Amino acid sequence: MIKPSVLVTRRWPAAVEAQLAETYNATFNSADVPLAACEMRDAMKRFDAVLPTVTDKLGADVFEVTKPQAKIIGNYGVGYSHIDEASARDLGLTVTNTPDVLSECTADIAMTLMLMVARRAGEGEREVRDGRWTGWRPTHLVGTKVSGKTLGIIGFGRIGQEMAKRAHLGFGMKIVVQNRSQVASEVLDTYGAIQVDTVEELLPQCDFVSLHCPGGAANRHLMNSARLDLMKQDAFLINTARGEVIDEHALIQALMFGTIGGAALDVFDGEPRIAPDLVQCDNLVMLPHLGSATREAREAMGFRVLDNLEDFFSGRNPRDRVI
Ligand code: DGY
């Protein structure tokens, strides 16, 4: 039997690449450099499956192919706002993602960021490494207590719920949730959470606000200057969702003028480019998109793509089909 051909656009964990090589006629990107749009378009013509990830921009131009060989895009990652949905649909492509397996690790990073910004861990680490630490004193790098405070979660899917679990059960935080659909009362009760209808209602109540909604056009600049103004003056904003969800210019103003307490970001608009003014903000913690970056999660994500491919090439509907 002829093995389907698959293109893997970036390096994946070795165990997953080995399995792909065994099961498919697989082509790997050993240089691990993102493909250009023309190379991605070429891949649509030449491979049965294209396996991109969040660093690949699959805009409408990539799908300008009359007769694509590709029938499935097996995305490595849960977010798929980098894939032009309308064009993929027009070409009749199946698109899958990798939910569940990274929820815990992404929530762990959101907790890491929340604790780091509240307790000024980034500032402290920079001070120690720069040789600027002069010793303990009662007024040194005094931060904000996290335990018992109110956490607002925008987007209450799997990752949002993992965040609530950690914050409520581990840190006794009160949880306020905003989500586009009604969350089942049993789910809210598990985390002692209350759901509000709008972001405007949530923001003024919270000491911490963590973003867990999808990216893409619908949520672009969801946190704009009007909404940042609704946050408490000492509240903190955490983003492990997508960079475009925050208007970074408005965030820089809020951080520089102290209209919020601080922010902690794992994702950036136009990453890996970082707006130079962000780097000037001391009350900001920044990580390089590490949400799912554990050995366990990254391998599980790869094997989840393999499961989806197996379903697809066996004529079944892949369980993680999003388009
Ligand atoms: C995703 O999966 O969408 C993350 O951003 C990368 O793990």
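Reply:
**One residue and its setting**

Thr9 counts as buried because its relative accessibility is 0%; buried means under 20% relative accessible area, exposed over 50%, and partly exposed in between, with a 1.4 Å probe and protein chains only. The model is predicted, so local features need pLDDT of at least 70 and side-chain atom pairs count only at pLDDT 80 or more, while totals for chains, interfaces and linings use all residues. Residues are numbered from 1 along each chain as its sequence is written, and side-chain values use heavy atoms, with hydrogens and water left out.

Thr9 sits in the loop between β1 and α1; helices (H or I, at least four residues) and strands (E, at least two) are DSSP runs, numbered from the N terminus. Its side chain makes a polar contact of 2.5 Å with that of Asp56. A polar contact is a pair of N or O atoms within 3.5 Å; within protein, one must be able to donate a hydrogen and the other to accept it, and residues adjacent in sequence count only if both atoms are side-chain atoms. Leaving aside residues up to four places away in sequence, Thr9 touches Asn29, Val33, Leu35, Met40, Val50, Leu51, Pro52, Thr53 and Asp56, where contact means heavy atoms within 4.5 Å.

The 19 residues of α12 (residues 295–313) should span 27 Å at 1.5 Å a residue, and the end C-alpha atoms are 27 Å apart, which agrees; the expected span is 1.5 Å times one less than the number of residues. Just after α12, Gly315 has a positive phi of about 85°.

Oxygen atoms of the ligand lie 2.6 Å from an N or O atom in the side chain of Arg242, 2.7 Å from a polar side-chain atom of His289, and 2.5 Å from an N or O atom in the side chain of Ser292.

Elsewhere, strand β9 (residues 208–211) is covered on both faces, with Phe208 and Ser210 buried on one side and Val209 and Leu211 buried on the other. β9 runs parallel to β6 (residues 150–154), joined by four bridges, and Val209 is the bridge partner of Gly152. β9 also pairs in the parallel sense with β10 (residues 236–239) over four bridges, and here Ser210 stands opposite Ile238. Strands pair if DSSP finds at least two bridges between them.

Two further loops hold non-glycine residues with positive phi. Asp100 has a phi of about 70° and lies in the loop between β5 and α4, while Arg120, with phi near 60°, lies in the loop between α4 and α5 (121–129). Asp100 is partly exposed, at 35% relative accessible area, and Arg120 counts as partly exposed at 27%.
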